[in-house]
Amino acid sequence: MLATVSTWLLGAPASSFAAADPDPWQSMNRSIFAFNDTVDRWFLEPVAKAYDWALPSGVQSMVGNFTTNLATPAVLMNDLLQGKPHEAVEDLTRMALNSTFGMAGLIDVAGAGGVRENDEDLGQTLGVWGVPAGPYLVLPFLGPSSPRDAVGQVGDAAATVHGYFLGTPLSVGIRAVELVNLRASLLDDVRDAREASFDYYVFVRNAYVQYRLGQVADGVAPAPGPNPVGGAEAPPLDEDDLYFFDDEASGDEDAN
Amino acid sequence: MQTDRVFEVARRATLAVALIVCAIQVPLAAAAEPDTAPALAATQEAIDAVLAVLREDGLTADERRARIEKIAYDRFDFSTMSKLVLGRNRSRFSAEDQQRFADLFRSYLSNQYGHRVESYEQESIEVLGARAESRGDVTVFTKVVGGEYDGATIDYRMRDTGGTWRVIDVIIEQVSLVSNYRDQFGEVIEREGPAGLLGQLEEKNAKGVADESPPPAAPGS
């Protein structure tokens, strides 16, 4: 894998072959994806099911709030790196309120008061700065990514409270809880996706790539306040291709 | 006095600029608004109709689903969707197979999204606005309010089909359904040909009907 990554880093610019083949590392990716899927089916999903069965949803959302709060410094860092002072103030406020009145982050008092969390990470920041994502990349255990987002994940992990201030064993423990809690919240969604999809690998790849493009563009998801009517931001889709019939250009109007 | 003249000139210049800006913007606004209004209205109507069915008391799950299916069949342009989803591969299907695919894909979507109706928990949908797109399409932006998916964005790509605005794509949290299925179907068609895709759809639809409303699998219960 390292060899392929370095070929990408040293070789042709990402855009030149991204257009030709959206997934040049497909065979390696599919192997890792199958591995991750096996780990999930045999280990993570059963653990998450037991967790989901044992803990009431209120407790699960508290755990989610707690780990989200610990990760807020990373979000704050990316607000600042992307030049978003408004969001930075929001996330700082969230951290201050939730860490104190919210009992060390267990309760999202800021969210209840209308200060919503922002969703920024280093992969997005690099994207905003113009760094191309590079080819789709599936990481062992970590799942869908890209060279850019993989670098971002490392940086973000270092910028969380547990990644930076706490010792390694505690940090690993918190990360494990975070992972199981997240997986428990996705039990139905993942089951549905596995059953409904025609090619689960392609389903995940397409969703990941579209979702990340949207996040980097801060897409069409309107920020609180401004009405998107006549909004300037372009959708992250390759529209002309997506919403165009091949035979339409020839004037062949199908009357359905 | 000299300063008076300066102010006078500045005032006139400001007025002139303001007039020019208005002259440019008024026709733009006038042209943009009627474009999106019918699509917005159609989306709002469809959402209201679906929410009314979800909130109506005393319906069985099957009745609820049948009514929502009817709304969906009126409001979605499944014919266009199935063409978009096949993309370039459509030429590999015979005319009959294209029709067969359209029917199977419609049933598939109905099965997949129909069973989600049962997990409705009083969330509502807020229509945020709309944007005119290329080819005369309009995207209507909405957001889920409340429930498990609070804050999730759902955008509807609408197209005017003979005077009626219908949905041709649903974009959930920036992920276009048409794009996602196009990629998956492209992969299946490449490996197994059109017949392989039709077979898989039939298989999934048969399964969807067989285990209609399966009990949620709760471990340890």
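**Figure 1. Helices H10(A) and H11(A) come within 4 Å of each other, axis to axis, in this predicted model.** The two axes cross at roughly 60°. That angle makes H10(A) oblique to H11(A). From H10(A), the contact uses Arg183(A), Ala184(A) and Ser185(A). H11(A), residues 187–196 of chain A, answers with Leu187(A), Asp189(A), Val190(A) and Arg194(A). Sorted by class, the contact of H10(A) with H11(A) holds three nonpolar, one polar and three charged residues.

**Figure 2. Helix H3(A) meets helix H10(A).** Here the axes come within 8 Å and cross at roughly 80°. H3(A) is therefore roughly perpendicular to H10(A), since angles of 65 to 115 degrees fall in that class. On the H3(A) side, the contact residues are Asp40(A), Leu44(A), Glu45(A), Val47(A), Ala48(A), Tyr51(A) and Asp52(A). On the H10(A) side, they are Leu179(A), Val180(A), Asn181(A), Arg183(A) and Ala184(A). The contact of H3(A) with H10(A) counts seven nonpolar, one polar and four charged residues.

**Figure 3. Helix H4(A) crosses helix H10(A) with a left-handed crossing.** H4(A) spans residues 57–81 of chain A, and H10(A) spans residues 168–185. Their axes come within 10 Å and cross at roughly 130°. H4(A) is thus oblique to H10(A). Gln60(A), Val63(A), Gly64(A), Thr67(A) and Leu70(A) represent H4(A) in the contact. Ile174(A), Val177(A), Glu178(A), Asn181(A) and Ala184(A) represent H10(A). The class tally for H4(A) with H10(A) is five nonpolar, four polar and one charged residues.

**Figure 4. Phe35(A) sits in helix H3 of chain A.** The helix covers residues 26–54. Is Phe35(A) buried or partly exposed? Phe35(A) is partly exposed, because its relative accessible area is 39% and buried would require under 20%. Leu179(A) is 144 residues away from Phe35(A) along the chain. The C-alpha atoms of Phe35(A) and Leu179(A) are separated by 17 Å. Leu179(A) is also one of the H10(A) residues in the contact with H3(A).

**Figure 5. Ala104(A) and Glu173(B) both have positive phi values.** Neither residue is a glycine. Phi is near 55° for Ala104(A). Ala104(A) occupies the loop between helix H5 (85–100) and helix H6 (109–112) of chain A. Its relative accessibility is 43%, so Ala104(A) counts as partly exposed. For Glu173(B), phi is about 45°. Glu173(B) lies in the loop between strand S4 (164–172) and strand S5 (175–176) of chain B. Glu173(B) is partly exposed too, at a relative accessible area of 29%.

**Figure 6. Glu187(B) touches residues of chain A.** Glu187(B) belongs to helix H5 of chain B, which runs over residues 177–210. Which residues does Glu187(B) touch, not counting those up to four places away in sequence? They are Gln26(A), Arg30(A), Asp199(A), Val202(A) and Arg205(A). Glu187(B) counts as buried because its relative accessibility is 14%, and the cut-off is under 20%.

**Figure 7. Chain A is shown as a whole, with 13 helices and two strands.** Chain A has 256 residues, and buried residues make up 42% of them. Take the contacts in chain A between residues at least 6 apart in sequence. Of these, 64% join residues at least 24 apart.

Figure 8. Along the sequence, the order is α-α-α-α-β-β-β-β-β-α. Chain B has 221 residues, of which 40% count as buried. Residues 24 or more positions apart supply 51% of the chain B contacts with a separation of 6 or more. The average pLDDT of chain B is 84, and 83% of the residues score at least 70.

**Figure 9. Residues 213–221 of chain B keep a pLDDT under 50.** For this stretch, the model has four contacts beyond four places in sequence. Where pLDDT is low, predicted coordinates should not be read in detail. The model scores ipTM 0.77 and pTM 0.79.

Conventions. Residues numbered from 1 in each chain as written. Chains lettered and ligands numbered in written order. Predicted model: local features only at pLDDT ≥ 70, side-chain atom pairs only at ≥ 80, totals over all residues. Heavy atoms only, no water. Buried < 20%, exposed > 50% of the residue type's maximum accessible area, 1.4 Å probe, protein only. Contact = heavy atoms within 4.5 Å. pLDDT = per-residue confidence, 0-100. Axes fitted to C-alpha atoms, helices over the stretch in contact; angles between N-to-C directions. Parallel < 35°, antiparallel > 145°, perpendicular 65-115°, else oblique. Left-handed = near helix turned anticlockwise from the far one by under 90°. Nonpolar A, V, L, I, M, F, W, Y, C, P; charged D, E, K, R; others polar.
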